[in-house]
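Reader: I would like to learn how to read the features of this model. Please take them one at a time.

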Amino acid sequence: MSLRDVLLILHVLLLVAWLGIDVGVFYSSFVMRRPGLSTETRTQIRHIMRNLDLAPRVSLILMIPVALALAEVNGFWLGDRASSDAVVAVVAVVAIAWAGLSVWSYRQRNNPTEATRIFDKADWTMRGLTSAFFVSAGLASVVADGPFAPRYVGWKALLFGIIIALGLWIRFAARRYVPHLRELLDKGESPQRLAAVGRAIRPVYPGVLAVWGTLVAIVAIAVIKP
């Protein structure tokens, strides 16, 4: 088995974990708002959702070095091989540390500290910078001469950058959801509280659907290679 085969397997597994588990989180958000559920049931669903939601977050981070390494192994990354090897190695180390800290921060979410707040801000910054890199590199590869070739690889990089930006939008749009859900769990069900939770989470759905559609587009481009 070659390095390319290993990277391709990791790439597919990360995609499955990302999209498949995200569908489960999406469906659970509707179950959470069903009338007549006990507080204990809603609490359990929330616990499951929050644990599952960690997989797409980590999958996205780990997809970065895997995608860059695949581009490099396949000869899609233009430029000097030694420098691209060094870049991939550094990105891999950073991504593994980033993923590990994401898991740590996520597990501290019920008891946030100054350290977790600092990391959360750093995480936003890292995702923003990563999105900007892939969007700019993808655009440059589509309309100019690099850093990726052939052109369809540039389109994949561009769409991947857009997905990261959509993820930030989802987190921003969901900022009102947590307080309303906490009120529902603390004070019990009422039509008003259920409606408030529904209104708070509804702005998240377009972003989630856009992520899925963009992921499908990336897979289609990889298969068709236009």
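Author: First, the ground rules. This is a predicted model, where local features need pLDDT of at least 70, side-chain atom pairs count only at pLDDT 80 or more, and totals for chains, interfaces and linings use all residues. Residues are numbered from 1 along each chain as its sequence is written, and side-chain values use heavy atoms, with hydrogens and water left out.

Reader: How many helices and strands does the secondary structure of the chain come to?

Author: Helices (H or I, at least four residues) and strands (E, at least two) are DSSP runs, numbered from the N terminus. Here there are eight helices and zero strands. The order from the N terminus is α-α-α-α-α-α-α-α. Along the principal axes, the C-alpha atoms fill a box of roughly 60 × 35 × 35 Å.

Reader: What share of the residues in the chain is buried?

Author: Buried means under 20% relative accessible area, exposed over 50%, and partly exposed in between (1.4 Å probe, protein chains only). Of the 226 residues in the chain, 39% are buried. Accessible areas come from the Shrake-Rupley method with a 1.4 Å probe; for residues, only the protein chains shown count as cover. The chain exposes about 12000 Å², and carbon and sulfur atoms supply 68% of that area.

Reader: Which residues touch the most other members of the largest nonpolar core?

Author: A nonpolar core is a set of buried Ala, Val, Leu, Ile, Met, Phe, Trp, Tyr and Cys residues joined through side-chain atoms within 4.5 Å. The largest one holds 56 residues, and Trp18, Phe148, Phe160, Tyr177 and Val211 touch the most other members. The elements giving two or more residues to this core are α1 (3-31), α2 (39-73), α3 (81-107), α4 (114-143), α5 (151-173), α6 (177-187), α7 (191-201) and α8 (204-224). The most come from α2, which gives 13 residues.

Reader: Which residues is Phe160 in contact with, leaving aside its neighbours within four places in sequence?

Author: Contact means heavy atoms within 4.5 Å. With those neighbours left aside, Phe160 is in contact with Trp18, Leu60, Met63, Ile64, Phe134 and Ile218. Now the whole chain. Of its contacts with a separation of 6 or more, 71% are between residues 24 or more positions apart.

Reader: Which residues of α6 are buried?

Author: Start with the general idea. An α-helix has 3.6 residues a turn, so residues three or four places apart point the same way. In α6, the buried residues are Tyr177, Leu181, Leu184 and Leu185. Viewed down the axis of α6, these buried residues fall within an arc of 95 degrees, so they line one face of the helix. The arc is that of the directions from the helix axis to the C-beta atoms. Their cover includes α2 and α7. The face turned away from the buried side of α6 carries the exposed residues Asp186 and Lys187. After α6 comes Gly188, with a positive phi near 95 degrees.

Reader: How many salt bridges does a search of the whole structure find?

Author: Side chains of opposite charge can pair when their charged atoms come close. A salt bridge is a side-chain nitrogen of Lys or Arg within 4 Å of a carboxyl oxygen of Asp or Glu. The search finds seven. One of them joins Glu183 and Lys187 (3.9 Å, N to O). Those two are four residues apart in α6, about one helical turn. Glu183 is partly exposed at 32% relative accessibility, and Lys187 is exposed at 55%. Glu183 also meets Arg193 in a salt bridge (3.9 Å, N to O). Glu183 lies in α6 and Arg193 in α7, so the pair ties together parts ten residues apart in sequence. Arg193 is partly exposed, at 23%.

Reader: Are Asp123 and Arg127 buried or exposed?

Author: Asp123 counts as buried, at 5% relative accessibility. Arg127 is buried too, at 7%. Their side chains meet in a salt bridge (3.0 Å, N to O). Both lie in α4, four residues apart. Asp123, Arg127 and Arg171 are linked in a network of salt bridges.

Reader: Which side chain does a polar contact join to that of Ser29?

Author: A polar contact is a pair of N or O atoms within 3.5 Å; within protein, one must be able to donate a hydrogen and the other to accept it, and residues adjacent in sequence count only if both atoms are side-chain atoms. Ser29 lies in α1 and is buried, at 3% relative accessibility. Its side chain joins that of Tyr205 in a polar contact of 2.9 Å.
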